[in-house]
Amino acid sequence: MTDTAVMLPAGLESFLETAGWAGSQVEPLPGDASFRRYFRIRRGDETAMLMDAPPPNEDPGPFLRAAHWLNANDMRAPRILAEQAERGLVLLEDFGEARMRDYLDQWPADETDTYKGAVDALVKLHRLPPGPFLEYSMSEYQREARLFVDWYCAARGLKVDVPGFIAAWDATLGGMLPRQHPGVTVLRDYHAENIMLLGALEKQGLLDFQDALVGHPAYDLVSLLQDARRDVSAELEAQMFDHYTQASGVDAGTFLADYARLGAQRNTKIVGIFVRLWKRDGKPRYLDMIPRVWALLERDLAHPALAPVAEWFDANIPMDVRQAGGGKFGL
């Protein structure tokens, strides 16, 4: 076991013994934006990943359900080696350390081919019947968008028209909802920090899919190409958008409008989430990402399909705040 000062999950030794990994070395890894923790488990030359998702703050059940479905449908999620969901412990296949984000930081010349592989994975996923997940409903879209009002606007001391905000999103997303049916599996957090490269640019492993829903195919594409954590050029975004529409056979004009709708909804939500991570969870580093997300939001708002939401932003968010990319918070 590890000799670091990191607190290990309760019951870990018996869990690893039952899983056939008794006596392994346990190495803590950096966490994400949740209460989950991760460890690399070493046994000689073999490695595995341990997810610690302790109740009541976390529940590994949705992750396990999604992982089993993805693997059963030839999508490359980590294989489940052992699980004790009631304790929040899951032993996973180790995808290694070649994360798409980190790889491209070192090898930027491979950006186009790597993103093409990620888009191709979405095309493959969207050809499958939707998985056994709940629908991405209007109430869920609204709940997410409302994070902007509840956290960002509140933190900035902005008095905004909340009923008008809700009505604007109803008007913007309402006509799109019929095009969600029968829907595709939406992973909801599909971006360069959640994709692993498994020995080749086109062989990519999926992470962080426990919140999967059944919704519109544009959602994960915009998540990938309008990345809150990594700059994606407008040229690459357009190239990969065209690659997706040609490979999937969707009508590009209608799909672009829905792509802008979901991009605006997602980016609005993310601004709220990043402020919540600062205010509630003590993670101020996420504030530095807001200007990037805000710039993406402004691009989406420029599409005619976003007219009701754009009008709300014009009426409620001061221009100096918008021109500053969301503005700086005094810490």
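This is a predicted model: local features need pLDDT of at least 70, side-chain atom pairs count only at pLDDT 80 or more; totals for chains, interfaces and linings use all residues.
Me: Let's start with the strands. How many bridges join E2 and E3?
Reply: Seven bridges, with strand E2 (residues 37-43) and E3 pairing in the antiparallel sense.

Me: Why is E3 largely enclosed by the rest of the structure?
Reply: Because five of the seven residues of strand E3 (residues 46-52) are buried.

Me: Which way do E3 and E5 run?
Reply: E3 and E5 run antiparallel, joined by five bridges. Ala48 stands opposite Glu93 of E5.

Me: What about E4 and E5?
Reply: Strand E4 (residues 80-84) and strand E5 (residues 89-93) run antiparallel too, with four bridges between them. Glu83 faces Val90 in E5. Their hairpin has four residues between the strands, and Gly88 has a positive phi near 80°.

Me: Switching topic: how much space lies in the second largest pocket?
Reply: About 220 Å³.

Me: Which element gives the largest share of its lining?
Reply: Helix H4, with four residues. H4 (111-126) and strand E8 (203-206) each supply at least two residues of the lining.

Me: Which residues line the second largest pocket?
Reply: Among them are Asn71, Asp74, Arg76, Asp120, Lys124, Glu202 and Lys203.

Me: And by class?
Reply: The lining of the second largest pocket has six charged, three polar and three nonpolar residues.

How values were computed
Residues are numbered from 1 along each chain as its sequence is written. Side-chain values use heavy atoms; hydrogens and water are left out. On a 1 Å grid over the protein atoms alone, a cavity is a set of points where a 1.4 Å probe fits but cannot get out, and a pocket is an open set with protein on both sides within 12 Å along at least five of seven lines; lining residues have an atom within 4 Å of a point. Grid points are joined across faces, edges and corners, and a volume is the space filled by probe spheres set on the points. Ala, Val, Leu, Ile, Met, Phe, Trp, Tyr, Cys and Pro count as nonpolar, Asp, Glu, Lys and Arg as charged, and the others, Gly among them, as polar. Two strands pair if DSSP finds at least two bridges between them. Buried means under 20% relative accessible area, exposed over 50%, partly exposed in between (1.4 Å probe, protein chains only).
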